[in-house]
Amino acid sequence: MSPKKKALPCPLPEGWILTDTEKRKWRLGKIIGKGGFGLIYLASDRVESPVTEDTNYVIKVEYHENGPLFSELKFYQRAAKPECISKWMRVKKLDFLGIPTYWGSGLSEHNGTRYRFMVMDRLGTDLQKVFVENAEQLKKPTVLQLGCLILDILEYIHDNEYVHADIKAANLLLGHRDPDKVYLADYGLSYRYCPNGEHKDYKENPKKGHNGTIEYTSIDAHRGVAPSRRGDLEVLGYCLLHWQCGTLPWLSMLRNPVQVQEAKAKLMDNLPSSVIQMSTSSISLAEVAQFLLDVRTLGYKEKPDYDALRKVLSHVRLRGPLDLSRPRAAESSRPAANRNSRQAQPVVSSTKPKPMTHDEDLTKLPYRTKEKAKAEVQKPYNVSSATDARARSRHVASDRDEDQEDEYDPLPPRFHPKTREGTKQRQRHDQLAPAFGMRRRDEDGLQMRKQHNKPGRQDFSPDVTDHWGGNYHSWEAYCTRTSEGEDYWDKPKDNRWEEIDYNGHQLNADVHSEYYSTHCNRNNRRNSEDKSFIHRSCKIYACIITVALFLILVVFTAF
């Protein structure tokens, strides 16, 4: 876990004069930022005049007791001297090395409180802000170019007996004057892994486990082992993976460092397939997978082959400015391994009409008219036959024109009456229509319309013409059914059934008549039970009224 943060120091007054160990004076300006342990001020070496907005210096101030700034000062004083950096760049034939310039440091006291300060080059925005503005994803060439630039920095500080131990986008800053340059800053967790040329031994210490930024910290750090060169490279690999994919497999479990450690160990043990499967359709992670694979083979004290790692990230060294623009839509898709339920399904063209679901409420879409809704249902689908075309273009009769859900329900498939299936369907309809009041469709066939199970809604329009053009039944035979003096249609229909589903599949083609007779008997039993209940209630009410009248008569007689 990250070191426990101490309280930020009380702000020093603007215009306060500080003197470093070299007796050079610095004037404080306004506060422009806050670090993990300190405040960052604009500063100027011209103490006679106020600090301007375009100054080239900043001063980082912390309490004297804080340790991170002290560790950072020691790194700059030992490993980041300007002359040492210039010499190393000449040997490596580099034009730029992203280590901020250190200008001085010292101690100061204000209102009885001691402060430690450090003067640095002023830098621009950090890469984390750019990463968030780009929907947490960077272009692949940009990621690989960043990897090469950071490798140069790590090689230098490793050669000078230090490791950074906290590489992340928030610690990568763009140049103030030149935004195309990237600097690795914040060496508060830097560690001298090889003092006087002797590498620290591998030793696990659970009390120091999970140190660093939990998203990117190395497996060694999870185990409490002192930082090393391979740990820095492992952290860089996780950063490259996150910047290119926009996610990491353990981002959902950051509150549990042990689970994060296990997820990282699983990823490293199954390389390169564990990273390759996170690739998107347009972006390959082969370079990052190979980079992490090479890092995994390193020993704790082994010196990395930095040139080989650079070749993995780019066969031809990338030159020119960084492209920090937002990736295209095809490049910004999340990896397939992390989509889960959102995984895209293959598009399969179909000639069947798209069914409108029963739960769709078109009244919630005021901009859709009836014509638009009908066009949207029919437009994306090709007509496969004249029968299908006629079925999709037919208008369904409705009592209320505004009821779009009923008006544009897709029609079920039909069979020609002269075929075997058509004959079976007509016979089944003839058998069940008197019992359940199912009506026939209009002139084109023997179709049964699905009745929506909504109370208070009846949609029974007269249709007395059968397929042969004759009068199949009278309207009264369809809409009226009396049983012992009661109107059948005055009661809610609990025995409604659905023969054909919305996808046009016939659900109960071979339905036995016993099924429907059972439902009829159930309704009859329910009717008889209702009658007996009414008769008993009437008798009880009659008794109560008789007793009440008798009591009233007694009272009047007594008085």
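1. Buried here means under 20% relative accessible area, exposed over 50%, and partly exposed in between, with a 1.4 Å probe and protein chains only. By that cut-off Arg 310 is buried, because its relative accessible area is 12%.

2. This is a predicted model, in which local features need pLDDT of at least 70 and side-chain atom pairs count only at pLDDT 80 or more, while totals for chains, interfaces and linings use all residues. Residues are numbered from 1 along each chain as its sequence is written, and side-chain values use heavy atoms, with hydrogens and water left out.

3. Twelve salt bridges turn up in a search of the whole structure. A salt bridge is a side-chain nitrogen of Lys or Arg within 4 Å of a carboxyl oxygen of Asp or Glu.

4. Arg 310 forms a salt bridge with Asp 152, with 2.9 Å between the closest N and O atoms. Asp 152 lies in helix α4 (residues 140-159) and Arg 310 in helix α10 (residues 306-313), so the pair ties together parts that are 158 residues apart in sequence. Helices (H or I, at least four residues) and strands (E, at least two) are DSSP runs, numbered from the N terminus. Asp 152 and Arg 310 are both buried.

5. Glu 155 also forms a salt bridge with Arg 310, at 2.3 Å between the closest N and O atoms. Glu 155 counts as buried because its relative accessibility is 6%. A network of salt bridges links Lys 92, Asp 152, Glu 155, Asp 307 and Arg 310.

6. UniProt, in an unreviewed entry, places the feature "binding site" at Lys 60. UniProt positions are given in the numbering used here, feature names are shortened, and annotations may be inferred rather than shown by experiment. Lys 60 sits in strand β4 (residues 57-63) and is buried, at 14% relative accessible area. Leaving aside neighbours within four places in sequence, the residues in contact (heavy atoms within 4.5 Å) with Lys 60 include Leu 39, Glu 72, Arg 116 and Asp 186.

7. The side chains of Glu 72 and Lys 60 form a salt bridge of 3.5 Å, N to O. Glu 72 lies in helix α1 (residues 68-79) and Lys 60 in strand β4, so the pair ties together parts that are twelve residues apart in sequence. Both residues, Glu 72 and Lys 60, are buried.

8. Arg 230 is in helix α6 (residues 229-245) and is buried, at 17% relative accessible area. Not counting residues up to four places away in sequence, Arg 230 touches several residues, among them Tyr 202, Asp 220 and Tyr 300.
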